[in-house]
Structure formats: C-alpha cells, structure tokens
Amino acid sequence: MAVTKELLHMDLYALLGIEEKAADKEVKKAYRQKALSCHPDKNPDNPRAAELFHQLSQALEVLTDAAARAAYDKVRKAKKQAAERTQKLDEKRKKVKLDLEAREQQAQARGSEEEEESQNTRTLEQEIARLREEGSRQLEEQQKLIQEQIRQDREQRLRGKVESTECRGTPKLKLKWKCKKEDESQGGYSKDVLLHLLQKYGEVLNLVLSSKKVGTAIVEFATVKAAELAVQNEVGLVDNPLKISWLEGQPQGMVDPSPPGLSKGSVLSERDYESLVMMRLRQAAERQQLIAQMQQEEEGQPT
C-alpha cells in the first residue's frame, strides 16, 4: 500500500467513528458497519465510494496492528499538541516575543518538535510498508465477510420475493347464476357444463357446487392468469348468464371488469386483441352447441 500524505493527516479514529482507546474487536466491528454502507457494489452512483472504502481499509490495517497503531498515535498526539500550542498563542504574545533570544528559543523548540514528528512519521511509514509486504490477512478476512453479507442480503431479498409470491395460494373464484330450489337442472349448470366452460382458460384444480345454496359454486384454477381470463371473458349460457367474482388470490390493483371484456383493469394488451376476438367467437359457437345439445336431451333425442 502506497503511503500518502493524506493518510498521515487523516483522523483514522474519526473515520471509523470510534474512541482512541477502542479495542481491536471494536475497530473491526466499526469497519464492517462503515464498509458495508459505502461498499462500491452498493453505491454504483457515488464516485467517492471506492475512495472512502479504500480509506476505511487503510484505517483497519493501521489500527489493528499494534506497532503501526503506536506509531500513528505518536504522530497524532504530536500534531494535536502542536495545534493546541498554536491556538494558545495570541497576537499580544507574538508581539512580545520579537526579540532574537525568544525567536531562537522558539526556533530550537520547533526544530526539536519537527525532528520528533519527522521521526514518528518515518516510523509510521516503515510500519505501513511492512504491512504491505506481509499482506493484510485481517483486511482480506473482513472484506470477505462484507462480500458474503452482501450476497446473503441479495439472496434474502430474492427469497422474500419468492415466498411472497408462493404465500398467495391458488386463485379461487365464486360463480353465481339464477336457479330455483326445485329446478333439478340447476339452471342449466351441472359440474360438467361448468368445467366445459372454464377449462378453456386453463387448468381447473377443483370445482365444487354448493349443496346449501343453489346457483352457486367455487372454482379453483392452477394459475392466476387462467382465473383472470375467466373473470374477464366468461359470460356462461345466453339465457342464464354467470356472475363471476374473486374469492381468493386476486392480484393487487386488479379490478373485476364489468361488463366482461377489454376494460381499464384488463390484463390483455393490444397484441392480444386478435386472440381475444377469436376466443369470443369460439365461446359463442360452444354456447350455441351446448344449448342445442341440452334441448335435444330434454326432448329425448340422441345427440
């Protein structure tokens, strides 16, 4: 790792948001929190994310190595003391110390301080160079943990989306039509008739006619798409239309279309219009055929 003046003048404790006496465990914990929030993979639009992530890595290297940290603390302490002395010197004191002796004493003091600071800086540079030669095992481990946490976060988000989809269950619709209690033909709708009308939209898992309330049934489709098409397009027999409504599994934001067909809430696009027209023609032909078949059965004629 190349040593830069910027690193020597940085406050590594402030960068990680920790106290000067923080233990290695606290340093690593602070690094993981900071590095995870500013990781380049999580901040593709921030041009400074990579630079900040690199600075955090340098801080981890220095503060988790005893020798490098001691050298850094010496430089930091010397700079802090110099800053405090500079702050205490006011204009009046500066004017008083204009004589040669005072200037010489200050010059000697500054020379001694600068020499000490220079020595501390060289020691810190040597420790950082040693860290680069040896390789930073701790840094690699922490960065691997960061990458693994990011990967787990992504998998958890994807798993959450799948579970959210799965928890909806299979779609169920409620069917209603006009039927008198004494009507044995059940208003023209037997289980076979209903299956014949609904299976063209997709696989029907279950169809149950209510034994307590005539003229009602519940149908369970294998897919939401099939249920949507049935709600939007099926009208049933001409002389006794079906009323179809959602019971379970209705997609969010979808409104039952009324009357059936293309509407504001329809899932069909313009490219599906031709297919819809053909479907409607087939439905009309099937209904006519079913009506003719039922009339023949009532008259006792073979189909």
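Biologist: Which backbone nitrogen lies 2.8 Å from a polar atom of the side chain of Glu-234?

Modeller: The backbone nitrogen of Gly-236. This is a predicted model, where local features need pLDDT of at least 70 and side-chain atom pairs count only at pLDDT 80 or more, while totals for chains, interfaces and linings use all residues. Residues are numbered from 1 along each chain as its sequence is written, and side-chain values use heavy atoms, with hydrogens and water left out.

Biologist: With which side chain does the side chain of Glu-234 make a polar contact?

Modeller: With that of Tyr-201, at 2.8 Å. A polar contact is a pair of N or O atoms within 3.5 Å; within protein, one must be able to donate a hydrogen and the other to accept it, and residues adjacent in sequence count only if both atoms are side-chain atoms.

Biologist: Is Glu-234 buried or exposed?

Modeller: Glu-234 counts as buried because its relative accessibility is 2%. Buried means under 20% relative accessible area, exposed over 50%, partly exposed in between (1.4 Å probe, protein chains only).

Biologist: And the chain, how much of it counts as buried?

Modeller: 31% of its 303 residues.

Biologist: Other topic. How do the residues of the lining of the largest pocket divide?

Modeller: Into 12 charged (Asp, Glu, Lys and Arg), 4 nonpolar (Ala, Val, Leu, Ile, Met, Phe, Trp, Tyr, Cys and Pro) and 4 polar (the others, Gly among them).

Biologist: Which helices each supply at least two residues of that lining?

Modeller: H5 (66–88), H6 (91–96) and H7 (100–134). Helices are DSSP runs of H or I, at least four residues, numbered from the N terminus.
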